[in-house]
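Have a look along with me.

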Amino acid sequence: MSVMQNITNDEKSEINSGANQYLTFILAGEEYGVDILRVQEIKGWNKVTPIPNTPEYIQGVINLRGTIIPIIDLRCRFGLENISYGPTTVVIVLKVVGGGGNRIMGIVVDAVSDVYNVSLDEMKQPPDFGKVVSVDFIKGLAAVSEKMVIILDIDHLLNAGVMVSDDGQIH
Amino acid sequence: MSIDMSQFHQTFFEESFEGLGVMESGLLNLDVGTADVDVVNAIFRAAHSIKGGAATFGFSSVAGFTHVMETLLDEMRDQRRKVTEEAVNLLLLSVDCLRDLLISARDGSPVDAPRVVDMQKKLENLLSDKKEGGTCVDQHSKVEKEHGKGWDIEFIPYVNMLITGNDPVRMFGELSSLGDMSVKVDSSKMTGFNDMNPEECYFSWKISIKTDVSSEKISEIFDWVDGECDLKITQILNESDKELIASNDDNPDHYDGIKNKDDHSHDLPKIEEKRLSSDRRVSSSSVENSSIRVSIDKVDDLINMVGELVIIQSMLAQLGKDFDNSQIMKLRDGLSQLERNTRELQESVMRIRMLPISFAFNRFPRMVHDLSKKLGKEIELKMSGESTEMDKTVMEKIGDPLVHLVRNSIDHGIELPHDRKAAGKPSTGLLHLNAYHKGGNIIIEIRDDGGGLNKEKITKKAKDRGLIKDDESLSEEQINDLIFLPGFSTAEIVSDVSGRGVGMDVVRRNINDLGGKIEVSSFEGKGTTFTVRLPLTLAILDGQLVSVGDETYITPLVSIIESLQIDEENVNIIAGRAEVYKLRNEYIPIVRLHEVFNIIPKNKKLSGGLLVVVEGDGKRAGIFVDDLLGQQQVVIKSLETNFKRMDGVSGATILGDGTVALIMDVSGLIRLSHQYSPSNNRVALDHVKSAA
């Protein structure tokens with residue numbers, strides 16, 4: 001009975017606060033989420049063509065049915081230790097808004113995890129870490145069944161730095 | 001049953017714009033005084049079809065305006081009127097006006113109403129001028145009198161008017177857009193229901209309309225039923241509603257021709273506002289012409305080739321059904337046929353996108369005519385190579401830069417007649433536009449025989465602006481190049497033609513964006529030549545595949561001069577760093593691709609690899625690569641769509657195996673190699689890695 005109650009409550013809160021669905025993936029043991037409506041497709045990792053003179057985290061470009069899209073290694077972007085790509089390694093192809101229109105990009109992650117409903121209420125602002133970790137690209141932290149999911153602001157994450165402006169670019 | 005007319009709108013507008021082009025060039029060719037009947041006829045026909053089309057599609061403003069032009073042209077055609085310079089100029093202005101009207105009809109944007117009214121008045125005045133002075137005055141006063149009153153219309157259709165497809169409802173609709181209208185129907189002729197023929201008209205109407213348009217406007221609505229009805233139009237004499245009339249006078253669109261039937265007509269404040277905010281309105285939502293005309297030959301070619309392709313396909317399919325090793329020769333034959341066919345097909349499809357450059361040149365006769373008149377210069381325009389074909393996208397983008405260059409030549413290049421005479425030149429200046437193919441490029445030359453670039457003035461200006469150092473001495477070429485710097489203009493007086501200092505840098509940037517180049521050469525006192533070099537197409541490129549380490553890159557074939565095996569004896573190292581290669585009598589800097597692109601090559605010894613000698617931006621360099629792989633046509637894909645522009649890379653393409661290969665930007669690569677001496681390179685990369 002109480003379980004039933006919970007479910008209806010959950011559903012209600014979804015409707016009221018406009019819950020969003022998030023696709024989560026694993027990166028170095030942590031679970032991260034991105035807005036599922038931004039996800040175009042998930043594909044296995046294939047060889048990329050490196051682009052000269054770009055930061056290390058830009059793996060290169062691939063051919064996605066005739067369009068050239070850049071691939072970003074998220075481990076590298078977050079400064080995590082590199083691991084060799086395994087069978088679960090996937091590329092999540094995302095639509096990124098901003099920087100003069102929509103763009104398609106891929107991120108390399110360790111594995112895809114799940115899809116969760118997270119309402120805005122459930123999402124908490126990340127604490128301020130000062131200079132230790134920049135929280136600009138984190139939309140919020142959400143607790144989903146005892147686990148913490150880090151919801152990413154992909155527009156911010158993928159547009160920042162070298163992707164659009166020439167900041168940090170080698171000249 | 002109604003037909004959706006809007007599906008034909010696109011065609012109508014395209015044809016109308018074409019017609020305007022015909023009218024314009026015809027008018028420019030018209031010799032004052034002697035009317036060449038053929039030319040006048042051509043102009044008249046163009047105007048007539050625009051009018052007809054506009055009336056059919058309900059663009060009454062366009063139809064109304066064209067009607068007046070047509071009347072004038074008709075008189076010229078019948079030689080009732082002399083072709084005067086005044087009339088030609090007025091007609092040219094009317095063409096502009098009509099073009100704007102058509103653009104606003106197409107985009108639904110507001111019309112510059114006062115201009116249209118003014119233009120139409122001028123045309124009507126010219127028309128009435130033909131009669132003797134007396135009538136002329138009468139006409140004027142009549143126009144005055146008509147202004148601000150209304151009309152009583154008695155409209156008695158004959159019984160069979162409906163059979164010809166005329167619908168009174170439409171006419172009333174049009175009438176009601178002219179002003180307040182009251183209609184009385186006379187149904188006395190109506191027969192009993194049993195005797196009634198639904199295809200006959202039994203009604204007649206009395207209409208009184210409060211408007212200030214002329215009686216011609218009213219009767220024009222009834223043009224189509226001329227001879228199928230009795231029509232009486234009389235002026236309303238009692239001026240009871242002065243207030244309404246007064247307010248009408250203030251309206252910018254008090255003239256029916258301007259009204260876009262109903263939608264916009266009551267939106268007066270908005271229209272007014274827009275008109276004030278930008279006196280020369282740029283059409284905002286200009287829908288790009290999305291269709292091209294293709295000659296039937298090209299289409300026939302294409303169909304033939306597709307037919308062949310189908311045959312080869314079925315041949316290969318049959319071969320595949322029961323295949324064994326004995327048929328391998330047949331397969332090879334089929335595949336080579338397929339290859340040839342695909343290439344031909346591709347070429348034909350590309351040719352469809354090709355248009356003769358006359359599309360871009362067409363606007364210049366008019367521009368030269370107008371500008372030279374304005375500036376008091378005598379200029380003869382000569383055009384050659386108009387049939388040179390180039391890609392439609394390139395053509396669309398090259399239009400504005402070309403206009404700028406031509407304006408520049410007229411404004412700055414060619415001198416005033418008396419200056420020319422003083423310099424011992426004929427008073428008429430010559431402006432020559434020339435286009436031709438050379439290599440994989442299209443060359444467009446804009447040559448004038450004017451004063452040429454004044455080197456002293458340019459150097460002085462550049463020094464004043466701090467663009468070069470005071471004690472810097474430049475070669476002739478470098479001085480000429482200065483005019484392409486941002487913020488550079490030597491015009492003493494800033495005119496509205498040119499000289500605001502924006503321009504040449506933008507021209508160069510636009511041309512560079514297209515993958516082209518612009519050069520200028522000039523002889524003082526003799527003239528200036530601008531040479532624009534453009535790629536044939538933006539979509540496909542002949543490329544040489546080269547490999548460095550594990551990577552494959554594509555070098556545009558057009559920029560390759562030769563490829564050679566490196567003979568160590570010819571390599572010299574300057575200051576222990578910069579490597580040069582002695583190629584015959586030339587020293588060419590060696591660019592090690594693996595260093596510039598920071599990849600691990602198969603070998604670092606020069607003797608183990610190949611040198612691809614390339615030219616970009618007039619500079620030569622030898623690119624050191626591991627190996628040459630083959631030549632291939634590649635389809636250019638943009639890196640910028642989803643990523644960003646990269647130095648040294650002009651784009652990417654997809655190879656046969658589905659992987660991506662980057663296309664080298666040769667001139668960018670040479671620039672890049674200047675910035676990256678090997679030691680700098682290492683420092684810069686460390687910096688990036690720590691940032692990441």
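**Sheet of chain B**

I started at one pair: Ile153(B) stands opposite Ile233(B) in β4(B). Asp152(B) stands opposite Thr234(B) in β4(B). This is a predicted model, in which local features need pLDDT of at least 70, side-chain atom pairs count only at pLDDT 80 or more, and totals for chains, interfaces and linings use all residues. Residues are numbered from 1 along each chain as its sequence is written, and chains are lettered from A in the order in which they are written.

I took helices (H or I, at least four residues) and strands (E, at least two) as DSSP runs, numbered from the N terminus; two strands pair if DSSP finds at least two bridges between them. β1 (150–157) and β4 (229–235) run antiparallel, joined by 7 bridges. With β3 (204–210), β1(B) pairs antiparallel over 6 bridges, and Gly150(B) has Lys210(B) as its partner there.

Which order do the 4 strands take? I read β2-β3-β1-β4 in an open, antiparallel sheet. β2 (180–186) and β4 of chain B are at the edges with a single partner strand each, so one side of each lacks a neighbour in the sheet.

**Helix pair of chain B**

Next I checked α2 (37–57) and α3 (60–77), which pack at about 155° with axes 9 Å apart. Axes are lines fitted to C-alpha atoms, for helices over the stretch in contact (heavy atoms within 4.5 Å), and angles run from 0 to 180 degrees between N-to-C directions. That makes α2(B) roughly antiparallel to α3(B) (angles over 145 degrees).

Conventions: Heavy atoms only, no water. Parallel < 35°, antiparallel > 145°, perpendicular 65-115°, else oblique.
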